[in-house]
Amino acid sequence: MTAMHRTALKLSAILWITWGLVHILAGLIVIPADASGGFQAIADAVDPALLQYDYAPAVGAILNQHGWNLLWGGAVTVIGAVFIWQVNLTAIWVTAMVGGLLDLGYLVFVDLPGFVKFFPGTLMTIVSASAIVLSFWVWWSLRSRPTTEN
C-alpha cells in the first residue's frame, strides 16, 4: 500500500465521519420533533407553511422511524470510518453500503425532486459519493495488484 492509498483512505474516513455526524444530528432533530417540524427540517426547500398540518400519529411514527434510520446510519458510518482509517478493507464495503444506500434513497426521492437546499443535503450526497470513490479506488487498486510472496 502506497502513501497515496493511505492518504485516500484517511480522506475517505474524514468524509464519512462528517457525513455520519451530520446524519446523527439530523436524526436527533427529527425524532423529538412533531411531524410538521420533522418534515420542515428535512424538506428545507419547501415553504414551511405547506408542511404545517395536523398529521395522523402514524405519519409521525413513520417520520420517527426515518429519524432513527438517519441516526443509526450515521453512527455506523462513523464507526466504519474508524476502521477505514485503520486500513480495514472490509469496512470500505460495509460503510459504502450503509451510507451509500441511505444516500441513494435520499438522492432519488428527496434531492432530485427539489425538496431540499444544496446545503446540507446535496452537499452530503457529494461527500458520501466522494468517500465511496476514494475508498473503492484504493480497494480496487490493491485488489488488482499482483501479490509477491516471500
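Mentor: Contact means heavy atoms within 4.5 Å of each other, and in that sense Arg6 is in contact with Met1 and Val87, once its neighbours within four places in sequence are left aside. The model is predicted, with local features requiring pLDDT of at least 70 and side-chain atom pairs pLDDT 80 or more, while totals for chains, interfaces and linings use all residues. Residues are numbered from 1 along each chain as its sequence is written, and side-chain values use heavy atoms, leaving out hydrogens and water.

Trainee: How far apart are Arg6 and Val87 in sequence and in space?

Mentor: Arg6 and Val87 are separated by 81 residues in sequence, and their C-alpha atoms lie 7.5 Å apart in space. Arg6 itself belongs to helix H1, where helices are DSSP runs of H or I with at least four residues, numbered from the N terminus.

Trainee: Why is Arg6 called partly exposed?

Mentor: Its relative accessible area is 42%, and the scheme calls a residue buried under 20%, exposed over 50% and partly exposed in between, using a 1.4 Å probe and protein chains only. Arg6 is therefore partly exposed.

Trainee: What makes Ser36 buried?

Mentor: Ser36, which is found in helix H2 (residues 35-42), has a relative accessible area of 2%, and is therefore counted as buried. Apart from neighbours within four places in sequence, Ser36 is in contact with Leu51, Gln52, Tyr53 and Tyr55.

Trainee: Why is H1 called roughly antiparallel to H6?

Mentor: H1 and H6 pack at an angle of about 150°, with their axes 8 Å apart; the axes are lines fitted to C-alpha atoms over the stretch in contact, and the angle, on a scale from 0 to 180 degrees, is taken between N-to-C directions. Angles over 145 degrees count as roughly antiparallel, those under 35 as roughly parallel, 65 to 115 as roughly perpendicular and the rest as oblique, so H1 is roughly antiparallel to H6. The residues of this contact divide into 16 nonpolar, eight polar and no charged, with Asp, Glu, Lys and Arg counted as charged, Ala, Val, Leu, Ile, Met, Phe, Trp, Tyr, Cys and Pro as nonpolar, and the others, Gly among them, as polar.

Trainee: How do you know that H4 is roughly antiparallel to H5?

Mentor: The axes of H4 (residues 57-85) and H5 (residues 89-111) come within 9 Å and cross at roughly 155°, which makes H4 roughly antiparallel to H5. Among the H4 residues in this contact are Trp72, Gly73 and Val76, while H5 contributes residues including Thr95, Val98 and Gly99. By class, the contact has nine nonpolar, six polar and no charged residues.

Trainee: What are the angle and axis distance for H5 and H6?

Mentor: H5 and H6 pack at an angle of about 150°, with axes 9 Å apart, and are therefore roughly antiparallel to each other. Their contact divides into 11 nonpolar, six polar and two charged residues.

Trainee: Which residues touch the most other members of the largest nonpolar core?

Mentor: A nonpolar core is a set of buried Ala, Val, Leu, Ile, Met, Phe, Trp, Tyr and Cys residues joined through side-chain atoms within 4.5 Å. The largest has 16 residues, of which Leu9, Trp16, Trp19, Ile84, Ile92, Val127 and Val138 touch the most other members. H1 (3-30), H4, H5 and H6 (118-143) are the elements that give two or more residues to this core. Leaving aside its neighbours within four places in sequence, Val138 is in contact with Met1, His5, Ala8 and Leu9.
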